[in-house]
Amino acid sequence: MLVLSSPSGAGKTTLSRKLLASDERITMSVSVTTRPPRPGEVEGKDYYFVDVPTFHRMRDEGELLEHAVVFDNLYGTPRPAVEQALSAGRDVLFDIDWQGTQQLGETAQQDLVKVFLLPPTAADLEQRLRSRAQDSEEVVRQRMAKASDEISHYTEYDYIIINHEVDDSLGKLTAILQAERLKRRRLTGLSSFVKGLRDAL
Ligand SMILES: Nc1nc2c(ncn2[C@@H]2O[C@H](COP(=O)(O)OP(=O)(O)O)[C@@H](O)[C@H]2O)c(=O)[nH]1
Ligand SMILES: Nc1ncnc2c1ncn2[C@@H]1O[C@H](COP(=O)(O)OP(=O)(O)O)[C@@H](O)[C@H]1O
């Protein structure tokens with residue numbers, strides 16, 4: 001379970017899309033949200049867009065692995081898709097905030113790799129939020145105002161990437177993923193492989 005968090009506009013969505021396109025062993029966890037869709041966002045690909053009663057029902061029936069309020073909207077991770085992907089041996093990428101990351105850590109600390117993305121400067125962050133051109137001025141101001149609070153959680157993460165240039169950041173994220181996959185405890189079948197090797201010696 002690879003978690004990518006950052007203040008809004010630092011580049012999580014951009015980097016996630018590139019990672020998904022370049023690595024066929026990882027699946028995106030598509031969240032449910034009560035936030036209205038942005039122009040171009042696709043139901044079931046970017047988010048499942050639901051109303052508040054639907055979200056509450058999903059939460060109350062235990063269908064969400066974690067959930068949080070972010071910028072006055074509700075966000076949550078549907079449980080079944082994640083469980084299916086993990087049991088099929090796939091890795092899962094989460095674009096979730098620090099609250100959700102903490103909740104995943106309560107039950108799956110060993111299976112979690114946490115990456116925090118930082119913008120190079122405050123001016124870059126603001127420029128990226130504006131260049132996305134999908135949020136109103138009020139929403140951009142609200143997100144800038146929250147960025148410092150979001151960033152204060154960077155110490156809860158395993159890895160930090162300062163997102164200067166997208167392809168360079170993708171290289172770093174890919175390196176993290178490769179190294180974490182090579183952790184001894186994550187290599188299923190390793191002991192029988194080594195036994196076979198040793199038996200043949
Ligand atoms: N806890 C939690 N946070 C989420 C989830 N989905 C998205 N988020 C976070 O909600 C925040 C707002 O997301 P979004 O509205 O797409 O705006 P963006 O980050 O500016 O693209 C970001 O910090 C996301 O990482 C989720 O399922 N759970
Ligand atoms: N390294 C980067 N350099 C310049 N612009 C970037 C970079 N990463 C992302 N962007 C741009 O910044 C804007 C916000 O990125 P996005 O991926 O939507 O952020 P987030 O998902 O973290 O809110 C988008 O217009 C995106 O194209």
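Strand β8 (residues 113-118) pairs with strand β9 (residues 159-162) in the parallel sense, over 4 bridges. Within this pair, F116 stands opposite I160 of β9. Strand β1 (residues 2-5) also pairs with β8 in the parallel sense, again over 4 bridges. Here V115 of β8 is the bridge partner of L4. Pairing requires at least two DSSP bridges between the strands. Helices (H or I, at least four residues) and strands (E, at least two) are DSSP runs, numbered from the N terminus.

The model is predicted: local features need pLDDT of at least 70, side-chain atom pairs count only at pLDDT 80 or more, and totals for chains, interfaces and linings use all residues. Residues are numbered from 1 along each chain as its sequence is written, while chains are lettered from A and ligands numbered from 1 in the order in which they are written.

An open sheet of 4 strands has the order β4-β3-β6-β5, with mixed pairing. β4 (48-49) and β5 stand at the edges with a single partner strand each, so one side of each is left without a neighbour in the sheet. β3 (residues 32-33) and β4 pair in the parallel sense over 2 bridges. V32 has Y48 of β4 as its bridge partner. Helix α2 (residues 52-60) packs on this sheet and touches β3, β5 and β6. Its direction makes about 40° with that of β6. Helix α4 lies across β5 and β6, at about 155° to β5. Angles run from 0 to 180 degrees between N-to-C directions, and axes are lines fitted to C-alpha atoms, for helices over the stretch in contact.

Helices α5 (residues 122-132) and α6 (residues 137-151) have axes that come within 10 Å and cross at roughly 150°. The two are therefore roughly antiparallel (angles over 145 degrees). L125, E126, L129 and R130 in α5 meet V140, R143, M144 and A147 in α6. Contact means C-beta atoms, placed from the backbone, within 7 Å.

The shell around ligand 1 holds 18 residues, of which S8, S31, A68, Y75 and G100 come nearest. A residue is near if its C-beta atom, placed from the backbone, lies within 6 Å. α1 (12-22), β5 (64-70), β6 (73-78) and α4 (98-108) each supply at least two shell residues.

Around ligand 2 there are 14 residues, with G11, K12, T13, T14 and R128 nearest. Here α1 and α5 each supply at least two residues.

Notes
Parallel < 35°, antiparallel > 145°, perpendicular 65-115°, else oblique. Contact = placed C-beta atoms within 7 Å.
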